[in-house]
Amino acid sequence: MSATGRPVVVGFDGSPGSRAALKWARAQANWQLSDLLVVRVIGAAERRTGRLLELSDPEDVTDVGDPVEVLLDRSMQASMLCIGAGGRGMGYALGPTATALARRAACTVAVIRPDIDETDGVVSVVLNDESDNDVVVCQAMNQGRIRGMTVRQIDRRIDSWIRRFPDVSVELVSADRGVAQHRSEVRPTRLAVVSGRHLDLGESGHPADSLIHGCPYRCSMLVVRADGEPRCGDGDR
């Protein structure tokens, strides 16, 4: 169990995206020593007809209702909510369910794309002067540890983070070169770590001011909620 006592929650419907989210969530829960709660959401009609997904673990749960509302409720007691990215239908880059949860969840949200090879990409994060930026960058550095990936920091304030995380490979990208430099990078971003404080996904589910090339169309996205997240310091797991 983690220090907060809150589980990592993953929404699962059997789709490729949800299977990728489940794999991602298992690694997260193992690293932070948290319970993993797999939530399957079905409609009332499915319950009446007995169409239930087979549970793989006695502690997994099946909730009845709207997926967004059920998972929003679960996020109130979660340390992180993990979901698969949906298709781009109806103008959404992440899918309507993932977009709604990224905007409204009470905890940090991981939106995971299937079929992404983490071994050939990086974790990208933007450093800025917002009050929650330390928490956002800490999440990115921790993901570098968990996934064994290089962290690309788009800013100039880098020395203190290198000192705190000497075991994590870090790339420095000048913010004023930003997107143009990203497009020429050999290794693409596989996970973008962003703040949920002023998240503006727009009608299409695309971060309006994203400096991270490929976000969110070609990478997974971790939307960090600073409230309830521990401050990062020397020796943090």
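Asp63 lies in strand E3 (residues 61-64). Helices (H or I, at least four residues) and strands (E, at least two) are DSSP runs, numbered from the N terminus. The model is predicted: local features need pLDDT of at least 70, side-chain atom pairs count only at pLDDT 80 or more, and totals for chains, interfaces and linings use all residues. Residues are numbered from 1 along each chain as its sequence is written, and side-chain values use heavy atoms, with hydrogens and water left out.

**Two residues**

Asp63 has a relative accessibility of 18%, so it counts as buried. Buried means under 20% relative accessible area, exposed over 50%, and partly exposed in between (1.4 Å probe, protein chains only). Arg187 sits in the loop between helix H7 (178-183) and E9. Its relative accessible area is 34%, so Arg187 is partly exposed.

The table gives the contacts of both residues, leaving aside neighbours up to four places away in sequence. Contact means heavy atoms within 4.5 Å.

| Residue | Relative accessible area | Contacts |
|---|---|---|
| Asp63 | 18% | Val39, Arg40, Val41, Ile42, Val70, Arg74 |
| Arg187 | 34% | Asp120, Gly121, Val122, Thr150, Arg152, Glu171 |

**The sheet**

Ten strands form an open sheet with mixed pairing, in the order E3-E2-E1-E4-E5-E10-E9-E6-E7-E8. E3 and strand E8 (170-173) stand at the edges; each has a single partner strand, so one side of each lacks a neighbour in the sheet. On average, neighbouring strands are turned by 20 degrees against each other, direction ignored. Axes are lines fitted to C-alpha atoms, for helices over the stretch in contact, and angles run from 0 to 180 degrees between N-to-C directions.

Two strands pair if DSSP finds at least two bridges between them. Strand E1 (residues 8-11) and strand E4 (residues 80-84) pair in the parallel sense over three bridges. Val8 has Met80 in E4 as its bridge partner.

**Helices on the sheet**

Helix H4 (residues 96-104) lies across E4, strand E5 (108-112) and strand E10 (220-224). H4 runs at about 160 degrees to E4. Helix H5 (residues 133-147) also packs on the sheet, touching E4, E5, strand E6 (122-126), strand E7 (150-154), E8, strand E9 (189-195) and E10. The direction of H5 makes about 175 degrees with that of E6.

**The whole chain**

The protein chain has seven helices and ten strands. Of its 237 residues, 49% count as buried. Among contacts with a separation of 6 or more, 70% join residues 24 or more positions apart.
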